[in-house]
Amino acid sequence: MSEAKIYGVVLAGGVGSRMGNQDKPKQYLLIGDKPILIHTLEKFYIESDFEKVIVLCPKEWIAHTKNLVRKYLPDAGDRVVVIPGGETRNETIMNAIDRIDADGNLDENTIIVTHDSVRPFVTQRIIEENIAYAKKVGACDTAMPATDTIVISEDNEFISEIPERRRMYQGQTPQTFQALKLKRLYESLTDEEKAILTDAAKIFVMKGEKVHIVEGEVFNIKITYPYDLRVAEALIKQPTE
């Protein structure tokens, strides 16, 4: 059996529409003195298990992203690769797998650690546990036990159900997979099944495959709204690791 090749896959395809009147996608906004994307890439770049870190962004932002990598990670060389994303999150992940395949490194043991570019406070512990469980189980997802009561509404007007909180988790990233297995499962989906996907872990769940939970961190926040930027600025001043 060949040794597992492991890739970081940083998803930077969002346009940041919920951030308000910004002239650039949120992953390029500054926290501290660096773009959010660079804070995230630094966490992946220092992980020695990664063959490469693949960054997927909108086509029109590729040149800018490459310039940022050269500026802030001058020693990266070809270890950080910037390529276009797809129309959806899962198509973007498939683009990363296709790139790995084109490099001749896609086999049963290839692992991809997929992560939101706007979660810059991911820890090395989370990344390393993702890798370990993906090797062991085939797929894992980072999540935290829900602290708030979750309510379900079928019509978005009245509460339909209030599930037990002890069974509820709030999803984060990374989500980590055996890449070839993910590709095969995705290609087996119908168009209707693809239409209801929210993330790649759901592909495994829909097909009856196990997805192990890796415990996240409260501070592993996704920067989505202007408020999140203010929280991130405070967190940057108090390192989490």
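Predicted model: local features only at pLDDT ≥ 70, side-chain atom pairs only at ≥ 80, totals over all residues.
**α1 and α2.** The crossing of α1 past α2 is right-handed. From α1, I found Leu37, Ile38 and Leu41 in the contact; α2 supplies Thr65, Leu68, Val69 and Tyr72.

**Nonpolar cores.** I then listed the largest nonpolar core, which has 29 residues. Those that touch the most other members are Leu37, Leu41, Phe44, Phe50, Val53, Val55 and Val69. I noted the elements giving two or more residues to this core: the strands β1, β4, β5 and β6, and the helices α1 (36–45), α2 (62–72) and α4 (124–137). Another core, of 27 residues, lies apart from it, and I found Val9, Leu56, Leu180 and Tyr186 among its residues.

**Val53.** Which residues does Val53 contact, leaving aside its neighbours within four places in sequence? I recorded Gly8, Val10, Leu41, Phe44, Tyr45, Arg79, Val80 and Val81.

**α3.** I checked the span of α3, residues 89–102. Its 14 residues reach 20 Å from first C-alpha to last, close to the 20 Å expected. I marked Asn90, Thr92, Ile93, Met94, Ala96, Ile97 and Ile100 as the buried residues of α3. These pack against the strands β1 (6–11), β4 (50–57), β5 (80–84) and β6 (111–116), and against the helices α5 (179–187) and α7 (201–206). Just after α3, I found Gly104 with a positive phi of about 80°.

Note on methods:
Residues numbered from 1 in each chain as written. Heavy atoms only, no water. Helix = DSSP H or I, 4+ residues; strand = E, 2+ residues; numbered from the N terminus. Expected span 1.5 Å × (residues − 1). Buried < 20%, exposed > 50% of the residue type's maximum accessible area, 1.4 Å probe, protein only. Contact = heavy atoms within 4.5 Å. Core = buried A, V, L, I, M, F, W, Y, C linked by side-chain atoms within 4.5 Å. Left-handed = near helix turned anticlockwise from the far one by under 90°.
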